[in-house]
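Here's a quick briefing for anyone meeting this structure for the first time. Have a look at it, then read through the points below.

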Amino acid sequence: MNDWDPNADLEDGQELVRLADGAQSLLSKYDEFLRGNHDSIPHSELKPHIQSAGLTADLATLEEELRELAADTTPETAQADPESAVIIHRNVDLSRAEASDSGLWSAFAMLYYPWFVDHRWAFNSVSAMKEKFWTQARALDGKASTFERAWWIAELTCEEKGDGSVDYEPTRRALSKRRFSLLVFDTPMARYEPAVRALLKVLYDEPEDDDEDGELAENEVIDETIKRFRKSGSVFPYEGQRKSDLEETIRNIRSEVEKSIKASKS
Amino acid sequence: MPSTIKLNRSLKYETFPHHCELGELNFWIKEYSVDGDEAVQPEDDRRLDLTEYQGWSEIEFTLCVDVPDSLLGDVLPEIGESTVVDPPDEGPANVVVAGHCVSTYTRAGTVLNNGDEVSAGTVDDTLTISEDDIADRLVLRPYLLRSKPLKSETESSLGLGSGHDYATEPGALLSDGSECRIEITEHEPGSDDVLQVERTSFERENEADETPFPPADRMYYLDLKRDPNNPVLYFNEDHEQVVDIVWNGDGTYDDLTAELIWDQVMTPVWARMTQVAADEYDPDADEWTPEWHPAVFEMLSEYLYEGEDKSPPKAAESLQKELGESPMAATERIDQAVQGLLEPAEQVSNHAQRVGDR
């Protein structure tokens, strides 16, 4: 079946569809859609672009969890980012190769949950809002559509435990500050998993007390540490280093950065 | 002893804080085996096209890297300017092959040699990829990296002064080599429905006796002749950087630059296609063919006749007439319509803000 019925309820185990490239032009043609009128693209025009993806996901559970999250978070802010990445990744179980198909994620944004894209992003311009529905390039934070961005950042940060369970705490930490996700996930560096893990380890300050929350370092420290760490990659290729080597490098950079910030302020 | 390399100084790829010899490694794929079948030798050992294989689960590659005789002595003091009478032929380095699959956001490295020591000659090892993790294309690149710290006692026993510029830290780049590309699935960039986009070497195309291709210094060629029903835009592979950014854009800089390249190319391409489609328009024909002609006017008619609400056939008819009567007015109309469609200023501003930091 390579159709999608806009009036049917979403189901768990539902067969996924993808949108072919041509559907992108409908976003420009019916820009009311980008402004929140999600019925504005006639189904007859969408239909020729809908293709079967040969994959399934728990779309009903995802819908329910996204609705709850939207009710609990402030619209048009990054507040929902950490939890939305977790629930999207948890309910859409794909291999990396399967998830590399952007057309799949366009269907999540344009067909299944356009209301969630609206909840997350304010409408600023047609071209900026289009990027939230349709991935424009492989830069996860800047130019990937809402669901593609969320799934992949979770994929690159979550940790599978020995017992098969998945720990999403690193995902929540990575998305707790926009500055961090923007500097890390728009760059090829983020594709080397040990580098992302090492950055999170060193730049996230654990709470001193169990009942307090930890947090990512200040923006100034994040900016300069990541900038210098990226430069180090051309002298010390990431793929030649383990997570522990990378952690040590980042730790050294962070302390140098903090020292120079302190010096410039005094 | 220079214990840490200062990471806050500005580094270009060519200028390293230590001595290295780039581009000295020779890297190739000796053979590959799909799902345990008999190993196959690739036709081109640096450009593998595996798109014909479908439904595989694992492919094993045998990777070979040749470390030239002279290289190790140049970058490792243990082998190089050694005062020892019989310098060792092995040195503290690793040959690492880094794999990068842009589509699956995956990077990984594998060490080909054993025991953190390398000697001159060929090292090889296998690399296995799984269908779950790799899609579209995999790029492999070889590196020679220092494997152990250069300790101060070693420095003094080798008679090295404090001003030497050998790499001292493990992981430091000593050399690299050309990459190997493996095409896994067919992949087309761009999403313009009316235009097929391809890449080829114009230099090679020009070796044929009769070729429609322009000379090798050109960047692109819009072929409307060979198959009038199917226009093809060719990018010239002889300009490696251009093709690489458009096809394999990686990170913000590449993506934003690709948009500029795309606009630069698409501006005249749209203009030419509009002009040809208008010129060949036949209002009395039953069907408007070839298909790309109406497609062009569907995209452009609102910009060609802004505020006039002309249908695509009406727009084609008007433009045809205007091209005959006043080429100056008609070409200006096309010029402005294409700018309306592509909005080149937006891309340039985006580039300036996000890459140029303006």
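Let's start with A:Ala107: leaving aside neighbours within four places in sequence, A:Ala107 is in contact with A:Leu16, A:Val17, A:Arg18, A:Leu19 and A:Tyr112. Contact here means that the C-beta atoms of two residues, placed from the backbone, lie within 7 Å. This is a predicted model, where local features need pLDDT of at least 70 and side-chain atom pairs count only at pLDDT 80 or more, while totals for chains, interfaces and linings use all residues. Residues are numbered from 1 along each chain as its sequence is written, and chains are lettered from A and ligands numbered from 1 in the order in which they are written.

**The nonpolar cores**

- A:Ala107 is also one of the residues with the most contacts inside the largest nonpolar core, along with A:Ile88, A:Ile153 and A:Leu199; that core has 70 residues.
- A nonpolar core is a set of buried Ala, Val, Leu, Ile, Met, Phe, Trp, Tyr and Cys residues joined through C-beta atoms within 7 Å.
- Buried means that 20 or more other C-beta atoms lie within 10 Å of the residue's own; 12 or fewer makes it exposed, anything in between is partly exposed, and the C-beta atoms are placed from the backbone.
- Helix H7 (residues 102-112) of chain A gives the largest share of this core, eight residues.
- Domain 1 (9-168) and domain 2 (177-266) of chain A both give residues to the core, so it lies between them.
- There's a second, separate core of 45 residues, and its members include B:Phe27, B:Phe61, B:Leu144 and B:Leu145.

- Helices (DSSP runs of H or I, at least four residues) and strands (E, at least two) are numbered from the N terminus.
- H7(A) and helix H10 (residues 146-157) of chain A have axes that come within 7 Å and cross at roughly 120°.
- Those axes are lines fitted to C-alpha atoms, for helices over the stretch in contact, with angles from 0 to 180 degrees between N-to-C directions.
- Where the two helices meet, A:Ser102, A:Trp105, A:Phe108 and A:Ala109 come from H7(A), and A:Thr146, A:Phe147 and A:Glu148 from H10(A).
- Sorted by class, the residues of this contact are four nonpolar, two polar and one charged.
- For those classes, Ala, Val, Leu, Ile, Met, Phe, Trp, Tyr, Cys and Pro count as nonpolar, Asp, Glu, Lys and Arg as charged, and the others, Gly among them, as polar.
- The C-alpha centres of domain 1 and domain 2 of chain A lie 28 Å apart; the bounds come from an automatic or database domain assignment.
- Eight residues of domain 1 of chain A touch eight residues of domain 2 of chain A, and the domain 1 side has five nonpolar, two polar and one charged residues.

**Chain B: the overall picture**

- Chain B holds nine helices and 14 strands, and 32% of its 358 residues count as buried.
- Its domain assignment gives domain 1 (26-183) and domain 2 (196-354), with 43 Å between their centres, taken over C-alpha atoms.
- Of the contacts in chain B between residues at least 6 apart in sequence, 66% join residues at least 24 apart.

**A sheet in chain B**

- Three strands of chain B form an open sheet in the order E1-E3-E8, with antiparallel pairing; strands pair if DSSP finds at least two bridges between them.
- Strand E1 (26-34) and strand E8 (121-130) of chain B are the edges: each has a single partner strand, so one side of each has no neighbour in the sheet.
- Strand E3 (residues 58-67) of chain B is joined to E8(B) by 10 bridges, and B:Phe61 stands opposite B:Leu127 in E8(B).
- B:Thr126 lies in strand E8 of chain B and counts as partly exposed, with 14 C-beta neighbours inside 10 Å.
- Beyond its neighbours within four places in sequence, B:Thr126 is in contact with B:Glu60, B:Phe61 and B:Thr62.

- Most residues other than glycine have a negative phi, and most peptide bonds are trans.
- A cis peptide bond joins B:Thr289 and B:Pro290, with omega about -10°.
- B:Tyr105 isn't a glycine but has a positive phi of about 50°, and B:Tyr105 counts as buried with 23 C-beta neighbours inside 10 Å.
- B:Glu343 isn't a glycine either, and has a positive phi of about 45°; B:Glu343 is partly exposed, with 13 other C-beta atoms within 10 Å.
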